[in-house]
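Colleague: Could we go through this model together? I would like to begin with the metal sites and then move on to other features.

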Amino acid sequence: MKFMPRSAWDARGPKNITRLSSARGVKVHYVGSPVTSVPAAKCSTGCRNKVRSIQRQHMDSNGWSDIAYNLLVCEHGVVWEGRGARVMSAANGSGLNSGHYAVCALLGNKGLVEPSDAMLNGLRDAIEYLREHGAGNEIKGHRDGYSTDCPGGPLYAWVRKGAPRPKGSTPAKPTPPKKPTPEPEINPTEVMVKQLPTLREGDRGWHVKTLHYLLLARDYGGLDGVDDTTFTPAHTNGVKGLQDATGLKIDGVVGQKTWAVLLRVA
Ligand SMILES: [Zn+2]
Ligand SMILES: [Zn+2]
């Protein structure tokens, strides 16, 4: 809650105070006269002046002891302290002030007439604040029990719905958990290919034997009776045939690309 205590708007002291330690709930009001919208950057001066002028009118013109409302809420969702918590308001009408505390939206019947989401959230903040200070669960409009248009059509409709917070405002949406970056798929054969030595004619060893039987497995017929541990010209021919058939460079040398074809990785 963005809360502006009386000191922040330089409130005049009340002429007298009637304590009200608890009530059935809260009644919602609006200013009712034409209200001009204030840019958010001007809230601390523009909205402050609105609150100050309401107090002046209530004390000097109406002769009341203080600004009538317990709390006021501007279009930017700031909650301005009026009489404050656990004090009887003068807003609901004679005989109705001990039943409910009073919260006023700085909303008019001309100009600024539609409550912003920020204002609805601020009103909800104000109601919850009063609930923590003696207010029961009832949420009503000024017009409930008193002949007035207050708090105006849009706000009264909201009150009748139970004064809900606007959709998507609070609670703050939890940020969805980040998808873990998938591990790159490791192809074990590919890893093996990278560990195989480059072979050429004349080489010997068990890798040559592997090459020998891979060529046989591919139906290369030139290896009958050929030593399977030495890279012979017969093997070179077999490798060249394979390279030719698969679009590789035909050099008869078994490097990574040729190994990959032999092992059917590529
Ligand atoms: Zn009212
Ligand atoms: Zn404001």
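This is a predicted model: local features need pLDDT of at least 70, side-chain atom pairs count only at pLDDT 80 or more; totals for chains, interfaces and linings use all residues.

Colleague: Which residues coordinate the zinc ion (ligand 2)?

Modeller: Cys43 (SG), Cys47 (SG), Cys74 (SG) and His76 (ND1) coordinate the zinc ion (ligand 2) at 2.1 to 2.4 Å. Donors are N, O and S atoms within 2.8 Å of the metal (3.2 Å for Na, K and Ca); water is not among the atoms, so sites may look incomplete.

Colleague: What is the geometry of that site?

Modeller: The site of the zinc ion (ligand 2) is tetrahedral, with angles of 100 to 115° among its four donor atoms. Four donors count as tetrahedral if all angles lie between 85 and 135 degrees.

Colleague: And where do Cys43 and His76 sit in the chain?

Modeller: Cys43 is in helix 1 (residues 43-61), whereas His76 is in the loop between strand 4 (71-73) and strand 5 (78-81), 33 residues apart. Helices (H or I, at least four residues) and strands (E, at least two) are DSSP runs, numbered from the N terminus. Both Cys43 and His76 are buried, where buried means under 20% relative accessible area, exposed over 50%, and partly exposed in between (1.4 Å probe, protein chains only).

Colleague: What are the protein donors of the zinc ion (ligand 1)?

Modeller: They are His29 (ND1), His142 (ND1) and Cys150 (SG), lying 2.1 to 2.3 Å from the zinc ion (ligand 1). Their spacing along the chain is H-x112-H-x7-C. Both His142 and Cys150 are buried.

Colleague: Turning to helix 3, which of its residues are buried?

Modeller: In helix 3 (residues 153-160), the buried residues are Leu155, Tyr156, Trp158 and Val159. They lie on the same side of helix 3 because they cover an arc of only 155° around the axis, the arc being that of the directions from the helix axis to the C-beta atoms.

Colleague: What do the buried residues of helix 3 pack against?

Modeller: They pack against strand 2 (23-30), strand 6 (100-105), helix 2 (117-131) and strand 8 (135-141); contact means heavy atoms within 4.5 Å.

Colleague: How many salt bridges does a search of the whole structure find?

Modeller: The search finds eight salt bridges, each being a side-chain nitrogen of Lys or Arg within 4 Å of a carboxyl oxygen of Asp or Glu. In one of them, Asp125 pairs with Arg165, the closest N and O atoms being 2.7 Å apart. Asp125 belongs to helix 2, and Arg165 to the loop between helix 3 and helix 4 (188-195), 40 residues apart.

Colleague: Is Asp125 buried or exposed?

Modeller: Asp125 is buried, because its relative accessible area is 18%. Arg165, with 24%, is partly exposed. Salt bridges that share partners join Arg124, Asp125, Glu128 and Arg165 into one network.

Colleague: Finally, what does the domain assignment give?

Modeller: The assignment gives domain 1 (2-160) and domain 2 (188-262), with bounds that come from an automatic or database domain assignment. The centres of domain 1 and domain 2, taken over C-alpha atoms, are separated by 89 Å.

Notes
Residues are numbered from 1 along each chain as its sequence is written. Chains are lettered from A and ligands numbered from 1 in the order in which they are written. Side-chain values use heavy atoms; hydrogens and water are left out. Four donors count as tetrahedral if all angles lie between 85 and 135 degrees; four count as square planar and six as octahedral if opposite donors are over 155 degrees apart and all others between 65 and 115; anything else is irregular.
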